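Let us learn to read a protein model, one feature at a time.

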Amino acid sequence: MPEYELFLIKDFSELKEGVETIVNVRDLATVETRQVKAILSSKPGELPGGDTLWIRWQRGQKHPQPWAIKIIQDISSLGEAVGKEYY
Amino acid sequence: MPFPHDSVRDAIVDWEAAGELARIKKEVDWNLEAGAIARRALEIGEGKNVNHGGQPAMLFENIKGYPGHSIISSSICNLKRMAIIFGHPNPDKATWRELQDLYIAGLEHPIKPVVVKKAPCKENKTFGNDCNLYTFPAPMIHEGDGGRYMCTYHATITKDKNSDWVNWGMYRHMIHDRRSLGCLFVYGQHGPNMFYQQYEDANEPMPCAIAINPDPLSAIAAASPIPAKMSEVDAVGGWRKKPLELVKCETNDIYVPASSEIVIEGIVPPHVRAYEGPFGEYTGFRASPRDLRPVFVVKCITWRNNPILSMASVGRGRDEGGIIAPVVKSAFYRKLLTDAGWPVKEVHCYPGVADLVIVSVKRGRPRVAQGVAAAIYSAAGGLYSYAILVCDEDTDVFNTDDVINSLVEKVHPERGIWVYHQQGSPLQPSADLKERMDQTGPQIVYDATWPLDWPLEITAPPKVTFAAMYSKELQDKVVKNWTSYGLK
């Protein structure tokens, strides 16, 4: 089962649950962070078909309780999201 | 190999011959395992020579998923391995002071490079959309880092927009995707800030090149606080006592060490930022937060056959920075302060905690501690020297017990501590988050010199040591009869 993680910049209020939202998440298999459209949930049991999402604070500390994520669309890599015109 | 080493491969031969390098043939995962091995080795090695119980440099020759590639880590994590690349005649017995002297000698006798047309770093080339940073086993070094850090021991090379001044620096780079890297560019640094600001003000991309695993002295130069307007590559020539060979990049006018294992060429676009970090740093903490930082877009990658990537699993203890900085920063500050007329005897940045600069001074100059500190803070690399301890000249700055004794017993808690407020380091753990992000964390100076108005003979407490408490005749008698007392 795929696992992802994302970094919070300030706190959990940045994350919207239950609705489509754009987030930057890291696939733990490839270790690449990508911008995706996804649905998040802090209660994994309430997001059927969701993958595991770990939350990290700004300096890498890991929140002990996993969330869930259902990726709707892969948008781009982090670099392409901001600098594609220079590629 | 004859000195100087023209490539890291030459140095590997000598490190291995000296028992200072281990080839790891067991398969190792780039995803945290290589970093964990290097980290543990650094902590249990404690910066000692291998024949004194330390750990070797590691050449990981079997990286999971990357046949034909290898990673070298901990190359300069003890004084002996650094002495070998500086051509010290007796590396096993080299001292910090001797390495400083070799460093200064090269700065004072620079030799310009030569440009070659053919170079080992051009054996393989990709351009534009064919570039793929994932061709190389960029490691995920610490769990919880912001990404795979491909560049932790390298030279990031940039050019001044309006002159021929070229800067080499060692600024970490994290992979965003196969064609871009994040950059920790810190305000005040030559290339990342002074040069980049010019390009950004003109709304132009800044050409840039990253030379990964150049010859070992070039990497040292990149990690050194070379003064403004002085070329790092000339200093390398001075240390080598012969010119360094450079080769021109394919896509810009930057020149890189010809023997580099991997060269990444590209641009840093203006006003483009992406989240970079966090990264476990040389301070021993992962203090600098994930933040929006400039992006390096890759235009070309060239590399040697069977390339050797470098990895610095920095953190607590005597990692690459913990060994290199005590030599290069100390030498730089010793020369800087002496040339400016400060009565300095010795300078030593504490190994493993190189943000602590210890300076011993001759007595007589008023406010000597504050003056020395001001000179250091305003010099290159000053923002990474946020703790300064100034001692009397009879303190051995290379002896930890002597240094701690001065700090605790001679720094007056009210008169002897000064807090400075100038530009701070973004990596400073004691600074709060806003101070780190704004680079406004304060610095501290400890004055461990006896006050000038204390007549030394009467007021300053005498030292209680073998050398100070007993007559010369008695000392000689005790030393001469030592074994006859039944002692070793």
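**Reading helices, sheets and an interface**

Q: At what angle do helix α8 and helix α9 of chain B pack?
A: This is a predicted model. In it, helix α8 (residues 320-339) of chain B and helix α9 (residues 368-377) of chain B pack at about 120°. Their axes are 10 Å apart. Angles from 65 to 115 degrees count as roughly perpendicular, and those over 145 as roughly antiparallel. The angle therefore makes α8(B) oblique to α9(B). The crossing of α8(B) past α9(B) is right-handed.

Q: Which residues of α8(B) and α9(B) meet?
A: From α8(B) come Tyr333(B), Leu336(B) and Leu337(B). They meet Val372(B), Ala375(B) and Ile376(B) of α9(B). Sort the residues of this contact by type: six are nonpolar, no polar and no charged.

Q: How do α4(B) and α8(B) pack?
A: Here the angle is about 60°, and the axes lie 9 Å apart. That makes α4(B) oblique to α8(B). The crossing is right-handed. Residues of α4(B) in the contact include Trp96(B), Arg97(B), Tyr103(B) and Glu108(B). On α8(B), Ile323(B), Phe332(B), Arg334(B) and Lys335(B) are among them. This contact divides into ten nonpolar, two polar and five charged residues.

Q: Where do the axes of α4(B) and α7(B) come, and how do they cross?
A: Helix α4 (residues 96-108) of chain B and helix α7 (residues 232-240) of chain B have axes that come within 7 Å. They cross at roughly 120°. So α4(B) is oblique to α7(B). The handedness of this crossing is right-handed. Leu102(B), Tyr103(B), Gly106(B) and Leu107(B) of α4(B) make the contact with Ala235(B), Gly238(B) and Trp239(B) of α7(B). Five of the contact residues are nonpolar, two polar and no charged.

Q: Now sheets. In what order do the four strands of the open sheet in chain B stand?
A: Start with the general idea. Strands of a sheet pair through backbone hydrogen bonds, either parallel or antiparallel. In chain B the order is β1-β2-β3-β17, and the pairing is mixed. β1 (21-24) and β17 (308-311) of chain B stand at the edges with a single partner strand each, so one side of each has no neighbour in the sheet. Neighbouring strands are turned by 20° against each other on average, direction ignored.

Q: In what sense do β3(B) and β17(B) pair?
A: They pair in the parallel sense, over four bridges. β3 of chain B covers residues 70-73. Look for Ile72(B): opposite it stands Ser310(B) in β17(B).

Q: Which strands does helix α2 of chain B lie across?
A: Helix α2 (residues 33-45) lies across β2 (57-60), β3 and β17 of chain B. Its direction is at about 165° to β2(B).

Q: How many strands form the closed barrel of chain A?
A: Five strands form it, running β1-β2-β3-β5-β4 with mixed pairing. The twist from one strand to the next averages 55°. β1 (residues 3-7) and β4 (residues 51-56) of chain A run parallel and are joined by five bridges. Tyr4(A) stands opposite Leu53(A) in β4(A).

Q: How much area do chain A and chain B bury between them?
A: The size of an interface is often given as the accessible area lost when the parts come together. Chain A and chain B bury about 2200 Å² between them. Carbon and sulfur atoms carry 55% of it. Arg59(A), Tyr86(A) and Tyr87(A) supply 33% of the area that chain A buries against chain B, more than any other three residues. The contact takes 23 residues from chain A and 34 residues from chain B.

Notes
Residues numbered from 1 in each chain as written. Chains lettered and ligands numbered in written order. Predicted model: local features only at pLDDT ≥ 70, side-chain atom pairs only at ≥ 80, totals over all residues. Heavy atoms only, no water. Pairing = 2+ DSSP bridges. Helix = DSSP H or I, 4+ residues; strand = E, 2+ residues; numbered from the N terminus. Axes fitted to C-alpha atoms, helices over the stretch in contact; angles between N-to-C directions. Contact = heavy atoms within 4.5 Å. Parallel < 35°, antiparallel > 145°, perpendicular 65-115°, else oblique. Left-handed = near helix turned anticlockwise from the far one by under 90°. Nonpolar A, V, L, I, M, F, W, Y, C, P; charged D, E, K, R; others polar. Buried area = accessible area lost by both parts, 1.4 Å probe.
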